[in-house]
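These are my notes from a reading of one structure. I began with a single helix and then turned to its surroundings and the whole chain.

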Amino acid sequence: MNEETDLQELVTTAIDCGALTDITWPGKVSASSLTKQDATIASKIDEAVLAINEFYVAENPTAKTRCIDGRHDPELDEAQLGPQVPGGAPGAALAYRLGVDKDDLTRGTFLNDAETMIANFIRLGFSPGGHRDEHSLHESTVGCGAIDGMDAILATMTSPSLVEDHKRVVKLLLGEDFNRDTYLRVMGAAVLVNGRSKEYFRDREHIIDILEKRVPKSTATLKGVHQECIVAINLVPNTTFSSNRFTDAFSIQAFGYDLWRSKEMAHKLLPLPTQAVDRERFVMARVMSTVATLMALTDGSQRLVVRLLEKANQE
Ligand SMILES: [Zn+2]
């Protein structure tokens, strides 16, 4: 059977993986507390999980990168949906620092790393993007949990009591690509950076201003409060989640992470055949920081859905 025939037989499926965890993660966003307040939420979650595939569309390669945040974006254009990654474009900077950067880990700042990453996006033809929220307009915070909470995210990732659960979820998302040595290497880098977290993350809130200056209209201002009840991980290349349309349909939100985009980004940032190891490290660090972001933002009571390509007619 040739490769083309193989591709034709692939179908897209969204697999319900149950709750994110059986323990309680440190974050505040809670699907179970929403379910307690409103008895109809539980059935809405079930319905939404079954129908979630219908809310994926082709990404628009020229559209700005979006965050995983499930809240409403009043200016979102349904025909211009960019892929979703935690913290938008600046979020990739931490993964690069932990996985790839050969600099001394006792030096450097997130702000510098993120500026470099935005420059890389522009150079490689990706549209960077980021966001604030309506609550942060006159505050010193950004309004993006993945940026504001970055120190908490790193502390969560390196917390001895959470590391086993963190590894379990990373393994689930990476499947056969999970490499224990790479995981431990990135974890080691995370411990070092976490040790100088205050210094490394200083002034990080300026990154959204810098992004706006470099690329006008690249940032969104999200509205409302977090009500994410689902975490949707998407492995199907060049597709993304229509977050506004989903919330309009079910009155609940979902965090959406386009994991395929991190793999694509690794190939663009590190294109040479000799950079295969660094590509693997970048993807590992991005998935590890995404899982840590979910652990720091939620209590883990959300439903995990993994969307992927599967061979048709499998029994
Ligand atoms: Zn965000």
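Entry 1. The model before me is predicted. I looked up which residues of helix α5 are buried, and found F110, D113, A114, M117, I118 and F121. Viewed down the axis of α5, these buried residues fall within an arc of 140°, so they line one face of the helix.

Entry 2. I then checked the opposite side of α5. The face turned away from the buried side carries the exposed residues A119 and R123.

Entry 3. What do the buried residues of α5 pack against? I found α4 (88–99), α7 (150–157), α10 (197–201) and α11 (207–214).

Entry 4. I noted the dimensions of α5, which covers residues 110–124. Its 15 residues reach 21 Å from first C-alpha to last, close to the 21 Å expected. Just after α5, G125 has a positive phi of about 85°.

Entry 5. I moved on to strand β3, residues 130–133. G130 and R132 point one way, H131 and D133 point the other way, and all are buried. β3 pairs with strand β4 (residues 219–222) in the parallel sense, over four bridges. For D133, I recorded L222 as the bridge partner in β4.

Entry 6. Finally, I considered the whole protein, where I counted 14 helices and eight strands. Its radius of gyration is 19 Å, close to the 20 Å that the globule rule gives for 315 residues, so the protein is as compact as a globular protein of that length. Buried residues make up 45% of the 315.

Conventions
Residues numbered from 1 in each chain as written. Predicted model: local features only at pLDDT ≥ 70, side-chain atom pairs only at ≥ 80, totals over all residues. Helix = DSSP H or I, 4+ residues; strand = E, 2+ residues; numbered from the N terminus. Expected span 1.5 Å × (residues − 1). Buried ≥ 20, exposed ≤ 12 C-beta atoms within 10 Å, placed from the backbone. Arc of directions from axis to C-beta. Contact = placed C-beta atoms within 7 Å. Pairing = 2+ DSSP bridges. Rg over C-alpha atoms; globule rule 2.2 N^0.38 Å.
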